[in-house]
Amino acid sequence: MKTSTEADFRAFMVSRWPRMLRTAHLLTGHHQDAEDLVQAALAKAYVKWERVRRTDDPDAYVWRIMINANADRLRRMKVREWLTTRFPEPAAPDDNEAFAERSAVLDALARLPAKQRAVVVLRYLEDRSETEVARLLGTGVGTVRSHTARALRKLREQAMTTEPVTLGVDRGTQGGQRP
């Protein structure tokens, strides 16, 4: 890769890293998985950078790589991770209200299928239009709307339940007691 092209990619990567990491965290539910996801997406973009930067919207191209990489990651890990309701050791109580709200959002997102989660994250947390989301996911606007409706309905139903479940993370039992 030419020095100017590499410098262009570095500038792109540095400027997009925080937002991509936030989006990836919302998609994966874990900081480490989010970093891995963003790094994998940027590595794929680096290999194709000449083609990526010639597109109308390089951001959309790279975001789509990230979303597809997340869907691939979820397909691969379905066999390896088990959702449970218990931590191996009791959790310390946390009085931080913001952390509890964030945890509730991540728990709710973790229960959604990958496409619905991607639509909700891009649409509401990334504040993108239906057209942008459709372009990023490679689907029609109608598909985005139906995924959104299904996801919101499922999130409303989940709001009635109180038992949190996250991707690959166990939660402690009530009172911090082991079963």
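**Entry: R10 and its partner**
I started with R10 in this predicted model and found a salt bridge to E6, with the closest N and O atoms 3.0 Å apart. Both residues sit in helix α1 (residues 3-28), 4 residues apart, which is about one turn of the helix. I then looked up their accessibility: R10 is partly exposed at 49% relative accessible area, and E6 is partly exposed at 24%.

**Entry: around E130**
Next I asked which residues form a salt bridge with E130. R123 is one of them, with the closest N and O atoms 4.0 Å apart. R145 is another, and there the closest atoms are 2.9 Å apart. Since R145 lies in helix α8 and E130 in helix α7 (residues 130-137), this pair ties together parts 15 residues apart in sequence. I noted R145 as partly exposed, at 47%. R123 is partly exposed at 21%, and E130 is partly exposed at 21%.

**Entry: salt bridges overall**
I found 10 salt bridges in the structure. Through shared partners, D8, E50 and R53 are joined into one network.

**Entry: α6 against α8**
My last stop was the packing of helix α6 (residues 114-125) on helix α8 (residues 141-159): the angle is about 95° and the axes are 9 Å apart. That makes α6 roughly perpendicular to α8. On the α6 side I listed K115, Q116, V119, V120 and Y124; the α8 residues they meet include V144, H147, R150 and L155. Sorted by class, this contact has 7 nonpolar, 3 polar and 3 charged residues.

Notes
Residues numbered from 1 in each chain as written. Predicted model: local features only at pLDDT ≥ 70, side-chain atom pairs only at ≥ 80, totals over all residues. Heavy atoms only, no water. Axes fitted to C-alpha atoms, helices over the stretch in contact; angles between N-to-C directions. Helix = DSSP H or I, 4+ residues; strand = E, 2+ residues; numbered from the N terminus. Parallel < 35°, antiparallel > 145°, perpendicular 65-115°, else oblique. Contact = heavy atoms within 4.5 Å. Nonpolar A, V, L, I, M, F, W, Y, C, P; charged D, E, K, R; others polar. Salt bridge = Lys/Arg side-chain N within 4 Å of Asp/Glu carboxyl O. Buried < 20%, exposed > 50% of the residue type's maximum accessible area, 1.4 Å probe, protein only.
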